[in-house]
Amino acid sequence: MYVCPLLFGAIRTLSQAARTVTSFLYCRFYGRIAEHPGDHDPVTLEAIQKNAKGLAAISGERIWVELKKILVGQHQNHLIHMMYNLGIAPYIGLPANNLEEFDKVSKNLETLDPKPMTVLASLLKLQDEVLKLDLRLKISKEEKNLGLFLVKYRKDLIKGRDDTVPLKPYQDFITDSREPDAHSKVCELLKYQGQPELLKEMKHWSIPRFPITGHDLRRMGISSGKEIGTVLQELRDQWKRSGYQMEKEELLSHVKKNTG
């Protein structure tokens, strides 16, 4: 049984502008109401394909509002494939076919409640594609930064080889990062990578506070700003290697007092 034969069959009888918008909305509403993927009226799909070029004239903001709902809705994998098959993708800012990565990540994300950009990043091969996407869809700064982060780190920032501390590379990244939302970004990365257990652990992990400051080193006789920076970094590395367990006195015991 075809979905919405009355509402979406009307695509063929609307004005050009209305047909264009309704064609795209079909994808979103299908994800909301259809029980199964692929239950389409072939004539409706033909009408959508004929009107695909008209999407180029629709504002990026409006496209993004609807695309976000598709990306995190039901049947999103099927619907994104359909958009590529019907020629919609290039007119709404999506890059050339990267569906193999998308298929893998879609499966990873099935039960993890990802942000729309986390899903969309799997269609992007390069950071430049995130920037081009922004030009077309006018995504928020937060969404753009998340996309850039995921594309950059999805293959490089991975769980530790030591099974006893698989979360440590992510923890080290967050601890070293100056970005206030690093923890949130890493959580989305873990979703992208299909790591539900690590995600659960990360959500309950609080960023530890490095116990040493420059004032501590000055009180030990180290006055050079450059030397303080070097020693602080060495102590910070030791602290990280300890799994953030070393306390202030133990760390300071490794510092030789500057008696000169």
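**View 1. Helices α4 and α5 lie oblique to each other in this predicted model.** The axes of α4 (residues 60–71) and α5 (residues 76–85) come within 8 Å and cross at roughly 130°, and the pair is therefore oblique (under 35 degrees is roughly parallel, over 145 roughly antiparallel, 65 to 115 roughly perpendicular, the rest oblique). Leu67, Ile70 and Leu71 of α4 meet Gln76, Leu79, Ile80 and Met83 of α5, with contact meaning heavy atoms within 4.5 Å. Six of these contact residues are nonpolar, one is polar and none is charged.

**View 2. Tyr153 and Phe173 form an edge-to-face aromatic pair.** Their rings are 4.9 Å apart centre to centre, with 70° between the planes (ring centres within 6.5 Å; planes under 30 degrees apart are stacked, over 60 edge-to-face, the rest tilted). Tyr153 belongs to helix α9 (residues 141–153) and Phe173 to helix α10 (residues 168–176), 20 residues apart. The structure holds six aromatic pairs.

**View 3. Gly73, Gln76, Ser106, Leu109 and Glu110 lie nearest the centre of the largest pocket.** The lining comprises 13 residues: six nonpolar, five polar and two charged.

Residues are numbered from 1 along each chain as its sequence is written, and side-chain values use heavy atoms, leaving out hydrogens and water. Local features need pLDDT of at least 70 and side-chain atom pairs pLDDT 80 or more, whereas totals for chains, interfaces and linings use all residues.

Definitions and conventions: On a 1 Å grid over the protein atoms alone, a cavity is a set of points where a 1.4 Å probe fits but cannot get out, and a pocket is an open set with protein on both sides within 12 Å along at least five of seven lines; lining residues have an atom within 4 Å of a point. Ala, Val, Leu, Ile, Met, Phe, Trp, Tyr, Cys and Pro count as nonpolar, Asp, Glu, Lys and Arg as charged, and the others, Gly among them, as polar. Axes are lines fitted to C-alpha atoms, for helices over the stretch in contact, and angles run from 0 to 180 degrees between N-to-C directions. Helices (H or I, at least four residues) and strands (E, at least two) are DSSP runs, numbered from the N terminus.
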